[in-house]
Amino acid sequence: FFNGDRLEFVPVHRHLGLLISESLSWTNFIDSVVNSAFKKLGLLKKLKFKIGRKNLSKLYITFIRPMLEYASIVWDGCSKQDAEKLEKVQLTAARIVTGLPIFVSREALYYETGWETLKTRRYVAKMTNMFKIHTGGVPEYLLNIVPKKREHVSSYNTRNKEDYIIPRCRLQLFRSSLIPYAVKQWNFIKRS
């Protein structure tokens, strides 16, 4: 019960465009994104011989890739199989744009298009978000969920005093979620 109202347990709940499952798996959400993206790729394929390569690339980057990246910093801890489904969409788009056959390697497709992998783009998005958190460029509620720096915990002057404290993670699911992963990578980058 919440404020006197009975709440139902549901296997999947849509919130701000994300499908959140009771098992905290992102498979339902990613499957729906992949299905929508492949439908739009069908339209792109029909335009393949009518417009140039540059325009095909712009159409993909403008209309399809944002679907594949929507709220990616939240769900980036998804399974490898789910991430691979998304990458397959981008590789299909790259084949449509370039006109290269199916046996051409991923590296050749990415070289030919000049695109980054979706995994790389999600990593950059997380680190950009962490930079904004570090500089205070995000709302207060996001600042409150990031762990404190070591300098706020100890008075000793250590070389890692600027590092954020990585939250303890019992499960891999939590370890690969936004805050623990971003904090760990931020600390690693700062030391490099």
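Helices here are DSSP runs of H or I with at least four residues, strands are runs of E with at least two, and both are numbered from the N terminus. With that in hand, select helix α4, residues 80-98, and pick out E87 within the helix.

Before going further, a word on what is on your screen. This is a predicted model, in which local features need pLDDT of at least 70 and side-chain atom pairs count only at pLDDT 80 or more, while totals for chains, interfaces and linings use all residues. Residues are numbered from 1 along each chain as its sequence is written, and side-chain values use heavy atoms, with hydrogens and water left out.

**Stop 1: E87**

Is E87 buried or exposed? E87 is buried, yet has no salt bridge. Buried means under 20% relative accessible area, exposed means over 50%, and partly exposed is in between (1.4 Å probe, protein chains only). A salt bridge needs a side-chain nitrogen of Lys or Arg within 4 Å of a carboxyl oxygen of Asp or Glu. (For charge, Lys and Arg count as positive and Asp and Glu as negative; His and the chain ends are not counted.) Leaving aside residues up to four places away in sequence, E87 touches R106, Y110, T117, L118 and K119, where contact means heavy atoms within 4.5 Å.

**Stop 2: salt bridges**

How many salt bridges are there by this rule? The count comes to eight. Start with D31 and K85, whose closest N and O atoms are 2.7 Å apart. This pair links distant parts of the chain, with D31 in helix α1 (residues 27-46) and K85 in helix α4, 54 residues apart. D31 is partly exposed at 28% relative accessible area, and K85 is partly exposed at 27%.

Next, select E84 and R106, a salt bridge with its closest N and O atoms 2.0 Å apart. E84 lies in helix α4 and R106 in helix α5 (residues 106-113), so the pair ties together parts that are 22 residues apart in sequence. E84 has a relative accessible area of 35% and is partly exposed; R106, at 34%, is partly exposed too.

Then show R121 with E116, where the closest N and O atoms of the salt bridge are 3.8 Å apart. R121 is partly exposed at 24%, and E116 is partly exposed at 38%. To finish this stop, select D31, D82 and K85 together: salt bridges that share partners join them into one network.

**Stop 3**

Select helix α6 (residues 118-134) and helix α9 (residues 178-191); their axes come within 10 Å and cross at roughly 80 degrees. That makes α6 roughly perpendicular to α9. The axes are lines fitted to C-alpha atoms over the stretch in contact, with angles running from 0 to 180 degrees between N-to-C directions, and 65 to 115 degrees counts as roughly perpendicular. Among the residues making the contact are Y123, M127 and F131 of α6 and Y181, W186 and I189 of α9.

**Stop 4: positive phi**

Most residues other than glycine have a negative phi. For one with a positive value, select N3, where phi is near 50 degrees. N3 is found in the segment before β1 (12-15) and, at 69% relative accessibility, counts as exposed. Last, go to A71 in the loop between α2 (53-69) and α3 (72-75). A71 has a positive phi of about 55 degrees although it is not a glycine, and it counts as partly exposed at 23%.

Note on methods. Parallel < 35°, antiparallel > 145°, perpendicular 65-115°, else oblique.
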